[in-house]
Amino acid sequence: MKKFFASAILTAAVILTSPAFCAAASDISLPAPSITRTKSLGEVMRERQSSRDISGEPLSKQELANILWAANGITKRFNGSEGHVNPAALGIYSVDVYAVTAEGIYLYQPDKNKLKLVTAGDYRAATTSSRHPQDFAINAPLNLVYVENSDAWKKSNHPVNAERQAAFANIAAGAMCQSVALMAHNHGYGNCVRGSVDTDAFTKAAKLSNTQKILFAQSVGDSANVAKG
Ligand SMILES: Cc1cc2nc3c(=O)[nH]c(=O)nc-3n(C[C@H](O)[C@H](O)[C@H](O)COP(=O)(O)O)c2cc1C
C-alpha cells in the first residue's frame, strides 16, 4: 500500500511539473501598449540594426503587447478617429501577423488586442529554413510570421489584380516590420527580419489556407548589442 501511494505521488509530481502541464497554452489578452518615449525617434532610427545574438529570455506580456501593436496595431488618431500603426493600400489590411513562442502559434487580432491560440507547442524551428536553420530564431522568445491573406480583398470596392495585391502586401509588411524594429530598439530589444522560413512546415503547423501566403519572419528578443532605454 505504502509503495502504491509513493508511486502515485511521484506520478502526480511528474505530471504537475511537466512543461506541457505548466505551460498549457491558451489565448492571451494583451495589455494596452506602453508607448512612453524612452529614446528620440532619431536615436532609434540611428540604432536600428539586425541582431542575431537574441537570447531565449521570455518576453513579458507588456513587451509582447508593444511588439504586436507595432506590427499590426490599431491607434487612436489626434482627431480621435481610429487608425492603424502601419499603412495599407486602399485601407485593405491583407497581412496578418502570427506570433510564435515556445508555447504555441498565435494569430494577433488587432481589434481585440489579443493573441488567439492556433496551435499549442513549440514551432519556432518552422519559422526558419530547414536546410539552413538559424539557431537564434529557434531560441528567440518571439518570432513573428507575416502572412498575406488575399481573402481580405473581398472587402474592397476597387478591383485590384493579383500582382498588385501581392505588391501591396509586400509594401505593407515592409512598413510593419520596420515599426517592430523601431519599437524593439526603443525598448532595448534586438530583432532580425528573416526571409528564410520553412514555409511547408509553418503552413501546416499554423493551418494556413490556400488564400494565405507566408511573406517572411522576424525574430525579437533581448540582445546584448542593443542599448537599453
Ligand atoms: C527581406 C529581408 C530578408 C532578410 N532575410 C534574412 C534572413 O533570412 N536571415 C538573416 O539573418 N537576416 C536576414 N535579413 C537581414 C539582412 O541581412 C540585414 O538587414 C542586412 O544585412 C543589413 O544589416 P542591418 O539590418 O543590420 O542594417 C533580411 C532582411 C530583409 C529586408
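Start with the ligand at Val193. One of the ligand's nitrogen atoms sits 3.0 Å from a polar backbone atom of Val193. That is a polar contact, meaning a pair of N or O atoms within 3.5 Å; within protein, one must be able to donate a hydrogen and the other to accept it, and residues adjacent in sequence count only if both atoms are side-chain atoms. This is a predicted model, where local features need pLDDT of at least 70 and side-chain atom pairs count only at pLDDT 80 or more, while totals for chains, interfaces and linings use all residues. Residues are numbered from 1 along each chain as its sequence is written, and side-chain values use heavy atoms, with hydrogens and water left out.

Who is around the ligand? Arg48, Gln49, Ser50, Arg52, Gln134, Cys192, Val193, Arg194, Gly195 and Ser196. Near here means a heavy atom of the residue within 4 Å. By class, the shell has 2 nonpolar, 5 polar and 3 charged residues. Ala, Val, Leu, Ile, Met, Phe, Trp, Tyr, Cys and Pro count as nonpolar, Asp, Glu, Lys and Arg as charged, and the others, Gly among them, as polar.

Work on a 1 Å grid over the protein atoms alone: a cavity is a set of points where a 1.4 Å probe fits but cannot get out, and a pocket is an open set with protein on both sides within 12 Å along at least five of seven lines; lining residues have an atom within 4 Å of a point. Grid points are joined across faces, edges and corners, and a volume is the space filled by probe spheres set on the points.

The structure has 1 cavity of 30 Å³ or more. The largest cavity has a volume of about 50 Å³. Its lining includes Asn72, Tyr93 and Met176. That lining has 6 nonpolar, 3 polar and no charged residues.

The largest pocket holds about 380 Å³. Of its 19 lining residues, Asn72, Tyr93, Asp96, Pro110 and Lys155 lie nearest the centre. Strands S4 (95-100) and S5 (104-109) are the elements giving two or more residues to that lining. Strands are DSSP runs of E, at least two residues; helices are runs of H or I, at least four; both are numbered from the N terminus.

The second largest pocket has about 260 Å³. It has 16 lining residues, and Leu41, Ser179, Leu182, Met183 and Asn186 are the closest to its centre. Which helix gives the most to this lining? H6, with 4 residues.

Ser156 lies between strand S7 (142-149) and H6. Its side chain reaches the backbone oxygen of His158 at 2.9 Å. At 17% relative accessible area, Ser156 is buried. Buried means under 20%, exposed over 50%, partly exposed in between (1.4 Å probe, protein chains only).

Most residues other than glycine have a negative phi. Leu90 has a positive phi, near 60 degrees, and is partly exposed at 48%. Asn113 also has a positive phi, near 50 degrees. Asn113 sits in the loop between S5 and strand S6 (114-120), and counts as buried at 17%.
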